[in-house]
Amino acid sequence: MKVKSSAYLSEIKPVLLSLRDRLLEEYPYVSILATDSVARQYSVSRTVTSVGMTGMMSGRGFVVKVYDGSGYGEYSFNEISQEHIEGIALKIREGLIPMAEQLPEGVSRSVYAMLEDEPMDFTGSTEYEIDPQEYGDEAILRELTEISETGRAYSEKVLDCGVFVNYQKYSKLFLSRNRTMEQNVMWMAGGFSVMASRGEEIKRSYRSFSNLGGAEVLSRMKDGVCDTARVALELLDSQPITPGEYTCVCAPEVTGMIVHEAFGHGVEMDMFVKDRAQARKFIDRQVASELVTMHDGGAAAREVASYFFDDEGVPAKDTVVIDHGILKAGISDAQSAMYLGTAPTGNGRRESYQRKAYTRMTNTFFEGGSDKVEDMIASIPYGFLLEEPSSGMEDPKNWGIQCMVSIAREIRDGKLTGRIFSPVVLTGYVPDLLKSISMVSEKVELGGGGMCGKGYKEWVKVSDGGPYIKARIRLG
């Protein structure tokens, strides 16, 4: 089934067209982004059961963007009727546009050309099997409770199994002089954290799930809770690692963290504009092993960060960022691309209608290769299989990386020994790490259990992943 159009946006569309036409009397370029979104979150543990709306991802609102011949201004609001149109035009003319002449001392105004506005008429909807709204809160909580109880029953050493899911169903309407675009999208994501103890020692294992769809993701979660509980118990026997550089095999979720943190943020081209990213100087240069090809884009995969067009009305794309080790392109919003003289890649995304559009990652991943995972492990005299990433930090200016991984499984003489080291800090200089990749598996997996912020704010949904990779990595 396909996600239905928003009845509210369909009803209000004639008013928005009137507003567009009124503003086009004064400005050569006008666009309107209208959003109608609902999001809910659920969690169950031994002591807590909760359900509620996710405020950051829920709501209805509008963003008007106008061009005055040299620059752009945006005005957001959440009420609209025929009676509001002249008032909005007045606020833009007398309140918004004059702000360009009131810049602080030392801040200059950049001059921009007018955005391209080629004709486009489009409507698209993603597909799902079970609508979580129709399935209902009671049914979702019942399934989460069953998963939590299964995890807690795995062993007497399991203290708790916290389970959560959230979903977002949104419709967006983009209008300009020549474009009428509509998209209706739904995703659902969840996960569980199993906490185990032995004496005073407590360890936890986490796993996430996601899909571009609906509540059908719950069936996959049921199948994974016992494996996660088993890993939590294994971690009770883990040891601290001896710092050093090792040959490692990274599971797809760790590969995804490296892709996202080590390189994804570094090719967001609004950072090029601010000269805050080393990658700008390396276009058409080797930055990784020739085995590495990296993609990003709302159309590059089918996951939680997929969409048909971005929040500036640019169609979603599949951007090849690295092609066999050569850095070919960054990702961009429309205005950063204009400043840099490149074509926008459809990565202009807003946290909500109340926020500015920034260059943001979407589905970010490495392509698969031709190697078998068992051959990758067999090729290592001594090293580790890295699993379960927990957090990461990047430094696009200097290309440094620091990430946390919960599990490093020891490999000796080409075999897993059963010994686990935890926690592990993964650090290094990004090109050194990527150039050291010597084997890449066939299997590629993406996941989108989390959100991505830009400077600890501006949160959007993303997915990342890739194949198993073999590389030299500094661990501590």
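**Stop one: a hairpin**

Start by selecting strand 3 and strand 4, which form a hairpin with four residues between them. In the turn, click on Gly69: its phi is positive, at about 105°. Keep in mind that you're looking at a predicted model, so treat this as a tour of a prediction.

Now highlight residues 59-67 for strand 3 and residues 72-77 for strand 4; the two pair in the antiparallel sense over six bridges.

**Stop two: the largest nonpolar core**

Next, select Phe263, Leu386, Leu426, Leu434 and Leu475. These are the residues with the most contacts inside the largest nonpolar core, which has 46 residues. Which helix gives the most to this core? Colour residues 252-264: that's helix 6, with six residues in the core.

Stay here and zoom in on Leu434. Skipping residues up to four places away in sequence, Leu434 touches Ile258, Phe263, Val287, Ala288, Ser289, Val292, Ile322 and Phe366.

**Stop three: Asn363**

Finally, jump to Asn363, in strand 15 (residues 363-366). Is Asn363 buried or exposed? Asn363 counts as buried because its relative accessibility is 0%.

Show the side chain of Asn363 and follow it two ways: to the backbone oxygen of Gly297 at 3.1 Å, and to the side chain of Ser306 in a polar contact, 3.1 Å. Beyond its neighbours within four places in sequence, Asn363 has other contacts to display too, including His295, Glu303, Leu446 and Ser463.

Notes
Residues are numbered from 1 along each chain as its sequence is written. This is a predicted model: local features need pLDDT of at least 70, side-chain atom pairs count only at pLDDT 80 or more; totals for chains, interfaces and linings use all residues. Side-chain values use heavy atoms; hydrogens and water are left out. A nonpolar core is a set of buried Ala, Val, Leu, Ile, Met, Phe, Trp, Tyr and Cys residues joined through side-chain atoms within 4.5 Å. Buried means under 20% relative accessible area, exposed over 50%, partly exposed in between (1.4 Å probe, protein chains only). Contact means heavy atoms within 4.5 Å. Two strands pair if DSSP finds at least two bridges between them. A polar contact is a pair of N or O atoms within 3.5 Å; within protein, one must be able to donate a hydrogen and the other to accept it, and residues adjacent in sequence count only if both atoms are side-chain atoms.
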